[in-house]
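Trainee: Could you take me through the aromatic rings in this one, up close? I'd like to see what sits around them and how they pair up.

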Amino acid sequence: MNLEPYLTSDGSYTLINKETNCAYHSLHGAVTEGKVVFINYGLNYAFEKFGSSINLLEVGFGAGLHTYLTLLEASNTKQNVFCTSIEINPVQLKICEQLNYEDLTKDINLKLNYKDLINAEWNKTTQLNNYFSIQKLLTNIYNFEYILPYHVVYYSGFSHTATPEVWEKEIFEKMFKHLPIGACVVTHCAKGVYKRMLKEVGFTVETLKGPPRKNEVTRAIKI
Ligand SMILES: C[S@@+](CC[C@H](N)C(=O)[O-])C[C@H]1O[C@@H](n2cnc3c(N)ncnc32)[C@H](O)[C@@H]1O
């Protein structure tokens, strides 16, 4: 993978794959997008719905930004998250180390940092502090077996144009079957065709206001 850090509009970095031109986050603010779509619409929704101890599934660990924001939110609000994050093509540590996500903890009295998260071993469970444990799994979403009841899913694989294979209906049929009632899936994707697909498999689909320069994002709930 030919990945390069790229400074986005809110001062946080993303990664761009120079071969495919795919960005890992919004160029209009990587951290801003993560907070709006995944923390506010996903994590905090699940805390409200299920209480202060939840299971999270992330599809696409990528640079670990969304899990890092989750670690910070859980620790700051003293709520518990068990996170399973899956990935088929991990980003090299030396690339992650060039990102400025540690700046997010500058004002926070946290002993953990971004490096602890990206250094957590694959295919093992690591407890990063009293509030957050992570199981990073090297697997394809296709082969993923649901063992835990996940209260929230961050669907942050690449876009449907870059990776149509992560937008196949059977992935969402399997997901719907295994999620508990009340669980939600949040994604930056707001394409009509995928919202209809989520409805067809049984989800109730909400269109929510997106982060800067993105009108809409999607939350699908199993009611
Ligand atoms: C947009 S990036 C994820 C950004 C990440 N959530 C973060 O916070 O940095 C998409 C990730 O999904 C991974 N991915 C793509 N197809 C996948 C699949 N079929 N199963 C699991 N992960 C996949 C890619 O390798 C890539 O790292």
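Mentor: Start with Trp122: Lys136 lies over the face of that ring, 4.8 Å from the ring centre. Keep in mind that this is a predicted model.

To describe a pair of aromatic rings, you give the distance of the centres and the angle of the planes. The count here comes to 13 aromatic pairs. Take Phe144 and Tyr146: their ring centres are 4.9 Å apart and their planes sit at 75 degrees, and since anything over 60 counts as edge-to-face, that's what this pair is. Phe144 and Tyr146 are both buried.

Tyr155 and Phe172 make another pair, this one tilted, with 4.9 Å from centre to centre and 55 degrees between the planes. Have a look at where the two partners come from: Tyr155 belongs to strand S8 (residues 152-155), while Phe172 belongs to helix H5 (residues 169-178), so the pair ties together parts that are 17 residues apart in sequence. Tyr155 has 0% relative accessibility, so it counts as buried. Phe172 is buried as well, with a relative accessible area of 2%.

Definitions and conventions:
Residues are numbered from 1 along each chain as its sequence is written. This is a predicted model: local features need pLDDT of at least 70, side-chain atom pairs count only at pLDDT 80 or more; totals for chains, interfaces and linings use all residues. Side-chain values use heavy atoms; hydrogens and water are left out. Rings of Phe, Tyr and Trp (its six-membered ring) pair if their centres lie within 6.5 Å; planes under 30 degrees apart count as stacked, over 60 as edge-to-face and the rest as tilted. Buried means under 20% relative accessible area, exposed over 50%, partly exposed in between (1.4 Å probe, protein chains only). Helices (H or I, at least four residues) and strands (E, at least two) are DSSP runs, numbered from the N terminus. A charge sits over a ring if NZ of Lys or CZ of Arg is within 6 Å of the ring centre and within 35 degrees of the ring normal.
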